[in-house]
Number of protein chains: 2
Amino acid sequence: MKFTINRSAFISQLNNVLRAISSKTTIPILTGLKMVVDQNQIVLTGSNSDITIESVLSASDDSYGLQVDEPGSIVLPARFFSEIVKKLPDKQVTIEVTTGFQAEITSGTAKFQINGQDAENFPHLPEVETDKTVTLANDMLKEVIRQTVIAVSKQESRPILAGVHVTLHDGLLTAVATDSHRLAQRKVQLDGVDGVDYDVIIPGKSMDELSGMISDVKDDVQMQVTENQVLFIFGNTHFYSRLLEGNYPETSQLIPDTADTTIELDAGSFLQSIERASLLSHESRNDVVKLTIKPEDNLVRISGDSPDIGMVEEEVTTSAVDGNDLEISFNPNYMKDALRSFGQSTIKISFTSPLRPFTLVPTEDTENFVHLITPVRTF
Amino acid sequence: MKFTINRSAFISQLNNVLRAISSKTTIPILTGLKMVVDQNQIVLTGSNSDITIESVLSASDDSYGLQVDEPGSIVLPARFFSEIVKKLPDKQVTIEVTTGFQAEITSGTAKFQINGQDAENFPHLPEVETDKTVTLANDMLKEVIRQTVIAVSKQESRPILAGVHVTLHDGLLTAVATDSHRLAQRKVQLDGVDGVDYDVIIPGKSMDELSGMISDVKDDVQMQVTENQVLFIFGNTHFYSRLLEGNYPETSQLIPDTADTTIELDAGSFLQSIERASLLSHESRNDVVKLTIKPEDNLVRISGDSPDIGMVEEEVTTSAVDGNDLEISFNPNYMKDALRSFGQSTIKISFTSPLRPFTLVPTEDTENFVHLITPVRTF
């Protein structure tokens with residue numbers, strides 16, 4: 001195996017694949033980067049048990065300046081190899097497998113020899129059927145991920161809740177996540193997906209990683225599903241994630257459809273108020289802030305306190321306050337996550353009673369995105 | 001105590017003083033920020049046992065928009081207070097001591113109450129004599145600190161080596177630091193300092209902190225010394241540091257004045273070569289790189305290896321190679337620190353033998369700055 005390539009173009013592809021590679025793995029060869037070289041292209045592969053990322057560097061793409069002298073394959077220690085390539089002196093780098101699985105990396109007057117492994121020992125990629133492909137617009141997919149992945153559970157007690165439940169029926173894509181304290185649900189109507197049905201649970205971590213990667217490109221994303229894997233294809237990258245196995249809890253009944261008290265306000269400025277209130281609540285044993293709503297006085301007040309440090313209260317600016325008087329307490333971290341997912345839009349928060357979950361929806365589109373938060377009992 | 005001030009101007013001064021305040025301290029009140037308010041100014045003070053920083057916010061400086069309603073003083077929990085002030089909604093903030101040592105912080109519709117302490121319990125500042133003042137140019141002082149502080153010892157076994165030895169005799173300022181493996185010495189001839197003699201050891205950490213602070217301003221720096229404190233004054237800031245007590249070892253005899261092998265090269269590109277070589281040496285049990293010098297072949301080669309990972313070698317570009325053949329090994333971290341302190345300049349490295357310290361000097365000024373490194377025995 002021997003090839004020469006433009007170093008900076010190679011590094012950008014290397015960085016993509018490195019996202020899947022962890023130095024903490026129980027399978028030693030997965031700390032490595034797999035390179036498979038043939039006359040027309042190089043395929044870089046990195047994997048942990050959950051995610052596999054594959055990047056194809058084609059000789060026909062001039063930016064790589066790829067010259068293949070001899071096809072072949074090798075697995076090299078990923079962290080080292082990338083540090084070396086990043087620090088090399090010249091614009092080009094030549095990588096050659098010499099004796100056994102030893103690789104020689106040369107650039108300018110610098111020459112490295114590092115020990116690799118047989119690429120045959122690298123775990124094989126899952127097979128994915130290609131007959132059920134759905135095309136997702138890049139921005140839409142990023143938004144769906146951003147709005148739902150925050151509600152994914154970080155606890156290990158219910159592994160199924162560490163995923164986002166994604167379904168596709170009759171062209172309606174629904175993504176739901178809940179950690180049992182809060183829930184986020186986003187719906188999108190897709191065109192041209194007749195006859196494609198999905199019902200899968202994708203790990204939240206995979207969604208996070210995918211979101212980061214598609215932020216760097218503008219390409220739309222092809223999604224394909226099999227029994228235990230999902231594949232996202234964009235640009236020259238294949239992103240595989242394993243699926244979570246099991247039954248996701250039924251969530252559609254959890255979202256209340258009536259309200260006794262509602263407020264409308266700007267998500268961005270309410271977020272700042274919550275951040276101030278949580279400065280003190282974070283120091284308290286039970287981290288809660290209290291919202292006091294008096295529609296007759298057009299008053300919404302947020303307050304937080306910590307016996308050791310002090311207290312804070314603030315009148316919140318609203319565009320509408322309706323319904324019954326209410327005092328309700330909640331974890332400010334859940335509220336902060338939720339408000340960030342709404343960006344700068346105006347939102348409507350609908351309450352029923354101090355101990356029942358309340359919902360947040362954008363006032364401009366109340367049907368397709370809802371965030372639900374369970375309050376905290378403080379009495 | 002009650003005053004109103006422009007929030008962003010207040011924050012910039014607060015940030016200065018916060019540099020001295022640590023949440024890890026054995027003296028609880030030192031986690032606090034002291035504020036002393038009189039009709040014309042506010043003085044903010046922060047301190048750990050080593051460094052004290054005092055910032056004077058004058059009512060005559062319009063940028064503060066300072067309005068004092070009632071003089072007084074308080075100590076407030078520094079970390080909280082600064083987080084609160086930074087997150088407040090309005091352009092202005094009003095701080096008022098209400099009952100006891102409780103402070104009310106208001107800005108827009110937000111109101112905080114936090115518990116403070118009596119400013120009388122805050123340790124008093126050291127007295128510094130003002131008759132021995134030396135003026136140091138801002139850029140020069142930063143350079144002296146940058147060039148010497150890297151050689152300060154991080155080991156606790158010889159506390160005196162954790163300082164920079166600063167002397168002033170006959171107008172010659174000399175700063176020396178050594179951790180016994182390397183040494184950095186910088187000399188500067190000062191004007192107009194007749195009759196002022198210093199011989200002090202300033203903690204390296206204080207020098208680092210001072211360097212960071214004077215980078216933000218352009219003012220020259222006034223330096224004053226007493227028996228156990230040094231005071232640096234710049235802009236509206238007073239920076240106090242305790243001095244280390246004891247006798248600094250005699251260092252002038254350590255610097256060799258003869259050489260059997262010399263090389264001249266660009267510090268910046270040699271640094272990159274060392275960084276490449278150390279990628280592998282860092283993984284080895286004894287972290288050393290080897291320099292091979294053959295003046296007859298005009299050859300300088302750097303190499304490093306780690307049995308598990310592999311090896312690297314590289315021919316180094318030089319502008320001159322003279323003297324005897326030499327193979328010498330050293331810790332690449334020491335070399336990296338040294339080379340960084342020379343920036344992009346051309347340097348001369350002078351060796352005597354594989355086990356004797358070697359020196360680095362800028363070729364443009366071989367007298368006033370020298371860095372010395374002790375090699376490592378590898379046989």
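Q: Is Ser345(B) buried, partly exposed or exposed, and what is its relative accessibility?
A: In this predicted model, Ser345(B) counts as partly exposed, because its relative accessibility is 26%, and buried would require a value under 20%.

Q: Where in chain B does Ser345(B) lie?
A: Ser345(B) belongs to the loop of chain B that runs between helix α6, residues 332-342, and strand β24, residues 346-351.

Q: And what does the side chain of Ser345(B) reach?
A: The side chain of Ser345(B) comes to 2.7 Å from the backbone oxygen of Phe342(B).

Q: Leaving aside neighbours within four places in sequence, which residues is Ser345(B) in contact with?
A: With those neighbours set aside, Ser345(B) is in contact with Leu265(B), Asp266(B) and Ala267(B). For Asp266(B), which is 79 residues away from Ser345(B) along the chain, the two C-alpha atoms are separated by 6.1 Å.

Q: Switching to Thr262(B), which strand is that in?
A: Thr262(B) is part of strand β18 of chain B, which covers residues 261-266.

Q: Buried or exposed, that one?
A: Thr262(B) is buried, because its relative accessible area is 15%, and the cut-off for buried is under 20%.

Q: What does Thr262(B) touch, not counting residues up to four places away in sequence?
A: On that basis, Thr262(B) touches Ala320(B), Val321(B) and Asp322(B), and also Lys348(B), Ile349(B) and Ser350(B).

Q: Over to chain A: what does the UniProt annotation say about residues 1-126?
A: The unreviewed UniProt entry annotates residues 1-126 of chain A as "domain: DNA polymerase III beta sliding clamp N-terminal". In the model, that span is 17% helix and 43% strand, with its end C-alpha atoms 25 Å apart.

Definitions and conventions:
Residues are numbered from 1 along each chain as its sequence is written. Chains are lettered from A and ligands numbered from 1 in the order in which they are written. This is a predicted model: local features need pLDDT of at least 70, side-chain atom pairs count only at pLDDT 80 or more; totals for chains, interfaces and linings use all residues. Side-chain values use heavy atoms; hydrogens and water are left out. Helices (H or I, at least four residues) and strands (E, at least two) are DSSP runs, numbered from the N terminus. Buried means under 20% relative accessible area, exposed over 50%, partly exposed in between (1.4 Å probe, protein chains only). Contact means heavy atoms within 4.5 Å. A polar contact is a pair of N or O atoms within 3.5 Å; within protein, one must be able to donate a hydrogen and the other to accept it, and residues adjacent in sequence count only if both atoms are side-chain atoms. UniProt positions are given in the numbering used here, feature names are shortened, and annotations may be inferred rather than shown by experiment.
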